[in-house]
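Dear colleague,

I am passing on a structure that you have not worked with before, and my notes on what I found in it follow below. Please look through it first and then read on.

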Amino acid sequence: MNQNFTEKEEALYSIMKKYTDRDVCIAFSGGADSSLLLKLAVDCAAEGTKIYAVTFDTVLHPSCDLDIAKKVAKEMGAIHQVIFINELDNSAIQHNPVDRCYQCKKMLFQNLITFAGKVHAASVLEGTNEDDLRVYRPGLRAVRELGVKSPLAEAGLTKKEVRSLAEKLGISVANRPAAPCLATRLPYGADLQPDTLRKIEDGETYLKQAGFPVVRLRLHGNIARIEIPVSDFSAFIEKRQEITDRLKQTGFSYITLDMEGFRSGSMDETLS
């Protein structure tokens with residue numbers, strides 16, 4: 001049965017009150033989903049309940065993610081814990097296998113569960129929403145295997161509804177674009193080298209500063225394939241020379257604009 005937004009919101013508050021009657025850990029990236037989850041946890045928590053916002057500082061995620069997470073956790077008054085993890089220490093991840101997302105999620109959440117045990121938290125929560133259940137998300141298998149809870153999906157909230165409720169609650173990152181790990185910018189089977197990942201991050205940071213907040217810079221050998229929304233193509237072409245010059249300085253030999261435009265998970269197209 002389809003629920004309307006009000007019913008879903010009520011269901012989510014009920015779910016969060018259940019999970020926050022005791023201390024709880026939340027996998028916190030600083031994105032819209034986990035920020036909504038953290039806000040509701042803080043608002044719904046029983047008196048004396050500790051809410052831990054746990055952020056992973058990793059080599060596969062943009063460094064700016066950590067700064068945003070620290071800022072938002074402070075805004076909400078949660079206990080913020082940062083755990084450093086080098087995913088490239090894991091031989092099952094080093095060469096970007098097809099199941100990389102599963103292996104990464106498993107590694108991260110095993111560490112989060114260990115932390116939760118140390119602080120005696122009763123539950124571990126994460127921000128999967130209803131839309132995530134309908135697309136290819138191999139990391140969800142690790143979430144289920146480890147018993148991590150997904151309240152937004154339990155309540156049936158879509159990504160649009162998550163952003164709407166986050167805006168309603170005044171969350172500063174309500175409309176922050178998704179920021180998946182940097183390994184998604186490389187083909188499956190490619191060696192994940194820290195220098196390459198930082199070069200991709202530097203290129204995307206520049207493109208965002210140039211006026212393209214929704215962007216992916218995919219790397220194919222020495223070719224940079226840039227994905228932006230089709231509606232941004234005209235603006236991109238106007239800045240074509242500036243962009244080309246800057247990205248070549250970063251270390252890319254050939255700069256291309258993907259004519260299909262931005263789409264999540266385009267590296268998975270090679271699997272079909």
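Two residues are said to be in contact when they have heavy atoms within 4.5 Å, and that is the sense in which one element covers another further down. Please keep in mind that this is a predicted model.

The protein chain has 10 helices and seven strands, and its C-alpha atoms fill a box of roughly 55 × 40 × 35 Å along the principal axes. As for charge, the mean positions of the 35 positive and 37 negative charges are 1 Å apart.

I then turned to helix H8, which runs over residues 194-209 and whose end C-alpha atoms are 22 Å apart, in agreement with the 22 Å that its 16 residues should span at 1.5 Å a residue. Its buried residues are Leu197, Ile200, Glu201, Gly203, Glu204, Tyr206 and Leu207. Which elements cover them? The cover includes helix H3 (64-76), helix H9 (233-238) and helix H10 (240-250), together with strands E5 (216-220) and E6 (223-227). After H8 comes Gly211, which has a positive phi, near 110°.

Methods:
Residues are numbered from 1 along each chain as its sequence is written. This is a predicted model: local features need pLDDT of at least 70, side-chain atom pairs count only at pLDDT 80 or more; totals for chains, interfaces and linings use all residues. Side-chain values use heavy atoms; hydrogens and water are left out. Helices (H or I, at least four residues) and strands (E, at least two) are DSSP runs, numbered from the N terminus. Lys and Arg count as positive and Asp and Glu as negative; His and the chain ends are not counted. The place of a charge is taken as NZ of Lys, CZ of Arg, CG of Asp or CD of Glu. The expected span of a helix is 1.5 Å times one less than its number of residues. Buried means under 20% relative accessible area, exposed over 50%, partly exposed in between (1.4 Å probe, protein chains only).
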